[in-house]
Amino acid sequence: MKTIVTTSPEIAAEFIRSGELAAFPTETVYGLGAHALIGNAVQNIFDAKGRPADNPLIVHIFEIDQLDDVVADVPTYARLLMERFFPGPLTLVLRKHPLIPSIVTAGLDSVGVRMPDHALASTFLKACGAPVAAPSANRSGRPSPTTWQDVLEDLDGRIPCILKGERALLGLESTVVDCVGAEPVVLRAGAVSLQDLRSVADSIRIAAASNDSGARSPGLRHRHYAPRAYVQLVDAPPANPKNFSAYIGIAAPPRPDRFERSLVCRDVREYAFELFGFFRICDRANIKTIYCELPTPDGIGAALADRLRRASEASS
Ligand code: TXA
Ligand code: MG
């Protein structure tokens, strides 16, 4: 299959309307989209990514009116979250509409919905004329793509179209909040922080790592966000790193010359923006060990710490 790269949201949307795949930019990471109401189209996502069939997809919309075709029922607290954070890097898990094929939700009776805060994504989603199911546009298990070149690196020849936009502004995936129960539960940390969410829903809590998060958000069980290199979390940059190693963090290493690559970030936001791209750079350079400074877990630091932990667990 030949992969075309286009800057035209209309051309990319034409693929979606005809039941084929198109990758597209968002403010978090690039997504791999399919028409959410066509089961066969959605199946292509799982094939192209090598994604386990038990991992549900997020359905993307560009306006609130589309919700009527996607979800069956929206609790009041979820309405409030939408009013405050849509469009934005927040995914709400709600009871699914019967029209959404079960392949989208991996057989669950709930569906994740998100409205990206991204002009090109909105134009594209509007032109698709239907809600668009999309996971991150990486091969399963690899770091999420933050540029169209990352998408091409993973999926060239496996998907027909990439809508080319800028590098993703946030660099980490959306916050996922389960809104099916009486009170909201955070299933995945993301750019919308717990503090932000609390300002609207003070009863919100974080899913316990081992039990309900595993059960409610099947995706969190799978290997994720991992470079090929071994990821070692550190409180401070090491003075005597192993051979062929790299470092990313906010603190500057005392001996940067001892690393093949190092990236010192201004703050936690820039660290989040850079992380997945840095993982890919290290893989291309055959780095063996990536030392990553563990950030303090407030604001987007919680999401960053979560991704770093997953990457390091996947390497051990
Ligand atoms: O920022 C993002 O969320 C990006 C962009 C493209 O929107 N998408 C993304 O999708 O990261 P993905 O498939 O890589 O991650 C979706 C996460 C998974 O952990 C999945 O298990 C969870 O959301 N999820 C989706 N639907 C769910 C549902 N019905 N119940 C529980 N968890 C769900
Ligand atoms: Mg993903």
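Predicted model: local features only at pLDDT ≥ 70, side-chain atom pairs only at ≥ 80, totals over all residues.
Local features need pLDDT of at least 70 and side-chain atom pairs count only at pLDDT 80 or more, whereas totals for chains, interfaces and linings use all residues. Residues are numbered from 1 along each chain as its sequence is written, and side-chain values use heavy atoms, without hydrogens and water.

**View 1. A cis peptide bond joins Phe86 to Pro87.** Omega of this bond is near -5 degrees. Pro87 belongs to the loop between helix H3 (76-85) and strand S6 (90-96); helices (H or I, at least four residues) and strands (E, at least two) are DSSP runs, numbered from the N terminus. Most peptide bonds are trans.

**View 2. Phe244 has a positive phi, near 50 degrees.** Phe244 is placed in the loop that lies between strand S13 (230-234) and strand S14 (245-249).

**View 3. Asn286, which is not a glycine, has a positive phi of about 60 degrees.** Its loop lies between helix H8 (268-284) and strand S16 (289-293). Asn286 counts as exposed because its relative accessibility is 54% (buried is under 20% relative accessible area, exposed over 50%, partly exposed in between; 1.4 Å probe, protein chains only).

**View 4. Leu37, Ile38 and Leu99 make a nonpolar surface patch of about 230 Å².** Accessible areas come from the Shrake-Rupley method with a 1.4 Å probe. Leu37, in the loop between strand S3 (31-35) and helix H2 (39-49), is partly exposed, with a relative accessible area of 33%.

Technical notes:
Chains lettered and ligands numbered in written order. Patch = residues over 30% accessible without salt bridge, like charges linked within 9 Å, V, L, I, M, F, W, Y side chains within 5 Å. Salt bridge = Lys/Arg side-chain N within 4 Å of Asp/Glu carboxyl O.
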